[in-house]
Amino acid sequence: MKRKILMALTVLGCLTVVNADNNTVDWEKEEAKEVMLEQKTKELRSLVVEIDMLTTHAIRVAEETLLSLNNNLEFFEKVETSESFRQCVVLEEYIGSIEKDRTIALDLYRAKKVTSKQYESYTTKADERKNRLQSKLDKKKCK
Amino acid sequence: MKKIILTATLVALTSTTTLCAIETETTKPSRSQSKQTKIELLELKITKYTKHLENLPIKIKEVLLELGDYEEKGNDAENMTRNLLQTLDGCVMNELDSMAEDACSDITATSVSKTIKDYKLEMKDMIKVVEAKLDELKKQKKNTPIIEGAIKALTDARDILKGTK
């Protein structure tokens with residue numbers, strides 16, 4: 001009887017100890033998690049600070065880039081719309097088209113679709129026009 | 001014998017009381033359990049925010065590199081056109097040797113004009129892209145106080161939980 005009682009008491013005591021231990025383990029886990037959470041929150045906060053700084057810097061760079069690109073565009077527009085440059089381009093285009101027409105006229109003459117008289121009359125006029133435009137172009141110092 | 005039984009009963013009673021107290025401590029906390037659940041929820045939220053934000057610095061750095069490229073392209077195009085125009089002038093003004101004549105034959109006001117038109121289109125496209133990126137960055141900047149607020153709320157929740165220990 002005495003032994004049985006002693007055994008029962010021992011079992012009861014062990015149960016108590018195990019239960020208390022489990023409880024301590026729970027607290028320790030909880031504390032560890034809290035420390036980890038604190039660390040993670042700190043990391044998150046510094047990440048946000050880094051992002052904020054980078055974003056501010058990137059906004060400034062983007063604004064500068066935009067300004068620079070707009071200046072580039074303005075330069076191109078100025079050159080393109082400058083009267084002398086535009087006239088040079090137009091004159092060159094006229095001369096180019098006269099040269100093309102002259103080549104076509106030669107092909108037609110070779111293919112005997114036009115007479116030599118017609119061809120000569122056309123080329124003479126075309127050359128006169130081309131020379132006139134060329135001298136204008138030279139005066140403008142386009143090239 | 002009677003004494004033994006009495007002592008055993010007393011000890012058993014004490015132990016049971018202790019057990020009950022400990023059990024109450026562990027079940028009172030379903031409170032402790034709910035605290036753990038809250039901690040897990042906080043952890044989940046922090047992980048979610050971190051995942052959402054951790055790639056942003058890399059993305060912003062990529063945008064910065066792109067912006068640098070655009071600026072360089074714009075300036076290169078302008079410098080190249082200035083050089084072309086100077087050469088064009090040079091071809092008109094100077095008495096040219098045959099090599100210079102040859103070089104000049106490749107550059108005409110028309111070809112420069114075509115180059116300028118192409119560059120203008122390129123500039124306009126780049127301006128659109130940079131404007132879009134700037135808008136995105138400004139939106140990002142507006143988000144910062146919101147994210148900071150959310151983190152503050154998480155920190156407060158964590159502190160409150162800490163206090164319930």
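Helices (H or I, at least four residues) and strands (E, at least two) are DSSP runs, numbered from the N terminus. This is a predicted model, in which local features need pLDDT of at least 70, side-chain atom pairs count only at pLDDT 80 or more, and totals for chains, interfaces and linings use all residues. Residues are numbered from 1 along each chain as its sequence is written, chains are lettered from A and ligands numbered from 1 in the order in which they are written, and side-chain values use heavy atoms, with hydrogens and water left out.

Start with chain B. Its secondary structure consists of five helices and zero strands, in the order α-α-α-α-α along the sequence. Of the 165 residues in chain B, 30% are buried (buried means under 20% relative accessible area, exposed over 50%, partly exposed in between, with a 1.4 Å probe and protein chains only). Look next at contacts (heavy atoms within 4.5 Å): among those in chain B between residues at least 6 apart in sequence, 83% join residues at least 24 apart.

Now turn to the salt bridges (a side-chain nitrogen of Lys or Arg within 4 Å of a carboxyl oxygen of Asp or Glu). The structure holds 13 of them over all chains.

Select A:K40 and B:E43, a salt bridge whose closest N and O atoms are 3.8 Å apart. This pair crosses between chains, from helix α1 (residues 2-81) of chain A to helix α2 (residues 30-54) of chain B. A:K40 is partly exposed at 25% relative accessibility, while B:E43 is buried at 18%.

Move to A:K78 and A:E74, whose closest N and O atoms are 4.0 Å apart in a salt bridge. Both residues lie in helix α1 of chain A, four residues apart, about one turn of the helix. A:K78 is exposed, with a relative accessible area of 57%; A:E74 is partly exposed, at 41%.

Then select A:E99 and A:K130, a salt bridge with its closest N and O atoms 2.9 Å apart. A:E99 is in helix α2 (residues 83-110) of chain A and A:K130 in helix α3 of chain A, so the pair ties together parts that are 31 residues apart in sequence. A:E99 has a relative accessible area of 37% and is partly exposed, and A:K130 is partly exposed at 23%.

For a network of salt bridges, select A:E80, B:K117 and B:K120, which are linked in one.

End at A:K136, in helix α3 (residues 116-139) of chain A.
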